[in-house]
Amino acid sequence: MTRIVIDPITRIEGHLRIEAVVEGNRIIDAISTGTVFRGIEKIVENRDPRDVWAFVQRICGVCTHIHALASIRAVEDALDIRIPKNANHIRNIMTATQFVQDHVIHFYHLHGFDWIDVLSALKADPVQTSALARSISNWPNSSDGYFRDVQTKVKTLVESGQLGIFANAYWGHPAYRLPPEANLMGVAHYIEALTWQKEVAKIHTIFGGKNPHPNYLVGGMASTLNMDDNSVINMERLNLVKTKIDEAQVFVDQVLIPDIFAIASFYKQDLYGGGGGNYLAYGGIPTSDIREPESFLFPSGVVLNRDLSKVYDIDLKDPKQIQEFVSHSWYRYDDPKAGLHPWQGKTEASYDGPRPPYNNVDEKKGYSWIKEPRWQGQAMEVGPLARFVIAYARGNKEIKGLVDEALHRLDLPVTALFSTLGRTLARALESKYLVNQLAGFYSNLVANIKAGDSQTFNGEKWEPEKWPAQAQGVGFAEAPRGALGHWVKINNGKVSAYQAVVPTTWNASPRDDSGQKGPYESSLLDTPIVNEDQPLELLRTIHSFDPCLACATHLLTPEGEEILKVRVL
Amino acid sequence: MSESESYYQLARRRGVTRRDFLKFCALTGAMLGLDAAEFPKIVQALETKPRLPVIYLNLQECTCCTESLLRSAHPLIADLIFNMISLDYMEPLQAAAGKQAEEVRLKTMKDYPGAYLLIVEGSATLGDGGVYCTIGGKSSTELLKEVANGAAAVIAYGSCATNACVQGAYPNPTQAVPIRNVVKNKPVIDVPGCPPIAEVITGTIVHYLTYGKIPELTNLGRPKAFYQHRVHDNCVRRAFFDAGQFVETFDDAGAKQGWCLYKVGCKGPTTYNACAITEWNDGVSYPIKSGHPCIGCSENNYFDNTPFYTRLAMIPNNAIGKDADTIGAGLLGLTGIAVAAHAGMTAVVKNREKNGKESNHDKNRN
C-alpha cells in the first residue's frame, strides 16, 4: 500500500492536490484538496449590487463571463428586473460561444496529453497519418506534407533539448493506447485548436468589448444595437459574429468530433472513473427567458445512483435542498454538523491543516479550502455528463439522439457513460449540441431586430430608489463545468450577503461528516495505476471533470479580515 | 545556453523561408511600435539567440491572464511557445504534473542561473503563514521568492500581480499583495490589466527576447510602449466627449449613436492602457467601443475605486463636483454642456489623475 501525492495537478485552472492510496495497482482511497483561497464573497459585501458582476467575474478567467452572468441574474431576480429579448439572445450567444471555446481548449490543451503521446508521434508515418485523417474528416489540413511538417516541428523541439511544455511528462506510459499516426494527428490538432480558439472568442469581444472578462450589465447588455450607425453594433459587426459561428461549426464538426470518436475507439475498454453516480443540473440557456424553465436548452434535475428511470426536481430557493457542510473543510460553523443553505451561508476560516511546507494532509481533519455542497445530503457530480444524463433521462430528443448515435458508433452500452471516457465524450457531444444552437441564437437576434426591436437594456429599475429596502435573489446558469448558482441579499441598496456555489465546489468537494466522498474522490476509487511514479490514469480521471479551482475556493475569512484592517488602514 | 538552436535556425529547419522570417520580424517590430531602422536588431536577435527559458508561475489568480496569453494573434501563441521561448514551467499548459513538473522547474533554475525569465500571474499572499495558496505543499509566496532569486528579470503579468486585483480589494481577507512587494532584488516589469491585452504581454516578452533587456518603463514600472497613454486619449468616442455629447442612460438615443460614456462611469480618462489603440482580440473592439464604460482594470485599486457606474465616485481631492452633470450645471446651468465646460473638466480629470497616481504609487511600493 502506497500513498502517492500529485501536487500540482497541472493542466487545470487553479491549484489542486490529490493524494491517493494505491494497492495492487488500484486506487483504494483518494483525497482531493483545494489549496488556494481568495475571499471574494466577503469582498463584495456592502458594494453596489450593479457592480458585483465585475468582482465575481474574477472568480474565474477560464469560466470567464459565466460568473458575471450568474451574478446579474441574481440581482435581476432579487429586484424583479426583466431583460429585453435582445439581451437574452446576446447572452445566449455569448454563453454557447464560451461552452464551445472552453470545451475545445479543455479537450486539446488540458486533457489531450492524457490520451495523446507526443513522443510517439515522432514514429508516425505522415502518409498513413494523412490517410487516417482523410478517412475520418473533410478537414482540409490533412496532406502528408502537412503532417510531415508538424512532425518535423516536434522533432526539432525534442532535438533542441528544450522541450518546453512537453518536458518530463509520462510519454511512453503503457496506458497510452493510440497508434503513432493518431498521436501525430492529435498533436497537429492541438496546435490548430490553439490558433482557432482565439477566433471564436471574438464573439465575446463584439458584444462585451474584450475576452477574457467581457462586460455585462444588470438589466440587459451594454452593447447597443443600431443598424443605421457605424459606431455601435450594426450589420458589419453581426456579420463578424456570424462568420465566427460558421467557423466554429466547421471546427467542431470536422476536427473535434472526428477526433473524439477516433480516440475513444482506442480507449473504449477503459471504462473506469464513474464515481458516485449522482448527477445534478440547474438547467439553463433559456431560449425565451430565465424565468421560463420550459424554454431551457438544458433541463434541470437530479438523477440518483445512475437510475435513469427517475429524475427529481430541484429548487434553488428551498433551504432544505442545497446545503453546504464544512466537516472536512477549513471553515467553522457554530454546529459543526449543520448544513447551511447559501442564503444562510456562514463562513469562518479555521485552518487546521499542516503548516507549509508539508508532505501530506490529514483527511481525518480539515483538508481543503473547498466546502462540501450536498443536495438533500447527497454528493453530486455536475458538468456535461450530468447535463446529458439528466436530459437523457428527461427524454430530451436532441440530446438523446446525440448520445444514442455516439454509443452506437462506439458499440458501447448506455452504462459506458458512467466513466472517465463518458465524461469526456459528453463534453464533446455538448460542444456539438451547442454549436448547432449558435446559428439559431444568431437568427433569433437578427429576426427580433428585423421586427423593429433594438432594445438591449431595461432601465426601469436601474436607480436604487426603485428597489425595495430588502431583497434576495438567486442567479443560476449551466457553466461549462456544471451547475452554477449565485445567491445575493440586498439591504438598503447594498449587498449584505453573497454566496456562490460553483461547479468545482460540487465536484472537488472533500468527504462530509458521514464519510461520503466528493465526486473526484469517489471517481478515483476504481481507477487503475500501472506505475505509481507516473499516475497517468489518475490525471485522466481528474481532468475528465475539467477542474477549475479558483472557482471552487473563494470563500471568506472573517479572521483574515481583521488582520487586514490593521495592515491597510 | 549557447549550444541551443536559435529561433531562426529552428524556423529554417521547419521549413520557414527567410522571406517569411523577415516578414515576421517586421510585424513584430511594428507591433512594438519600433522604427523600421530597428527591425534588423530583431532579425539579429532571433537569428542568433537560443529559445529563452521561461518559468511562468500561477499564484493567487483566476487564470484570465493565461487565457489572454492564448489569444495572442501576433505572434501566435503556438509560435511563441514552440519557436521563440522555451516555456519550461507553466501549470495550466505543461504536460508534466506533480513531482515531474517540479523537477522541470528545478532543472531550469539550475541550468540557467540568472538567465531565465520569470513571468508571474497572480498575487502573493502574506496571510497566516502562506496557507491561502500552496503549490506542492509549499507556500506559493516562498516559491515565488525562490524562483525569482535566479531569474534575469520578472514580469508581473496582470492586475493580480501588479496590484492584487479583486482579492486585494477591501477587506483583502488573505493579505494579497503585488509581486514587487515580495520580489525586491530583481527588475520587475508591471504589465497590468484584468487581463492585459494578449498582444501587450506577448509584445513585452518579444521585446525582452529581442533586446535582451527590459523595455523602457513609465514611472509606475509599466512598459511605455503600451501604458503611456490614457484610454481616453485615443478613444473612438473621444470626439463626443469633446463635443459634450454623452450617454445619459444605457441604450438611450445617444448610446445608439456611440456617444461618450463618461457620465455612466467611464474610467477611460484615468486609465493608462493600450485598449483604444491595440484593441482586444486582434483588434476587434474594446470595452468602450462595445458600449460599456471602462472600469479601469489596469489601474491600482480599481475595485475600490467604485461604484463603476457613477463618475467621480470616491476620487480624492475632487473639489468641483460629483459628475459631469454637476460640473455642467455649475458652470452653465442645465441648458446644455458646452466645450468650455469640458475643457475645464479635462483639467480636473488630469489633476485628479496626478494625485490618484501618486497615492497609488506610494501604496504599492510600501
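**A strand pair in chain A, and what lies beyond**

Modeller: Happy to! Let's begin with A:Ile4, which stands opposite A:Ala20 in strand E2(A). Please keep in mind that this is a predicted model. E2 of chain A covers residues 16-23, and five bridges join E1(A) to this strand, the two running antiparallel. Stepping back, the pair belongs to an open sheet of three strands in chain A, ordered E1-E2-E3 with antiparallel pairing. At its edges are strand E1 (2-6) and strand E3 (26-34) of chain A, each of which pairs on one side only. From one strand to the next, the twist averages 20°.

Now to where the chains meet. Here 86 residues of chain B are in contact with 95 residues of chain A. On the chain B side, the elements giving two or more residues include helix H1 (7-13), helix H4 (64-70), helix H5 (77-84) and strand E2 (85-90) of chain B. Also among them are helix H6 (98-111), strand E5 (134-135) and strand E6 (138-139) of chain B. H6(B) gives the most to this side, with five residues. By residue class, the side of chain B that touches chain A divides into 42 nonpolar, 29 polar and 15 charged.

Finally, chain B has a contact of its own to look at. Chain B is divided into domain 1 (51-227) and domain 2 (231-365). Between them, 17 residues of domain 1 of chain B are in contact with 16 residues of domain 2 of chain B. Helix H8 (159-163), helix H9 (198-211) and helix H10 (224-227) of chain B each supply at least two residues of the domain 1 side. That side of domain 1 of chain B, where it touches domain 2 of chain B, divides into 12 nonpolar, three polar and two charged residues.

Key. Residues are numbered from 1 along each chain as its sequence is written. Chains are lettered from A and ligands numbered from 1 in the order in which they are written. This is a predicted model: local features need pLDDT of at least 70, side-chain atom pairs count only at pLDDT 80 or more; totals for chains, interfaces and linings use all residues. Two strands pair if DSSP finds at least two bridges between them. Helices (H or I, at least four residues) and strands (E, at least two) are DSSP runs, numbered from the N terminus. Axes are lines fitted to C-alpha atoms, for helices over the stretch in contact, and angles run from 0 to 180 degrees between N-to-C directions. Domain bounds come from an automatic or database domain assignment. Two residues are in contact if their C-beta atoms, placed from the backbone, lie within 7 Å. Ala, Val, Leu, Ile, Met, Phe, Trp, Tyr, Cys and Pro count as nonpolar, Asp, Glu, Lys and Arg as charged, and the others, Gly among them, as polar.
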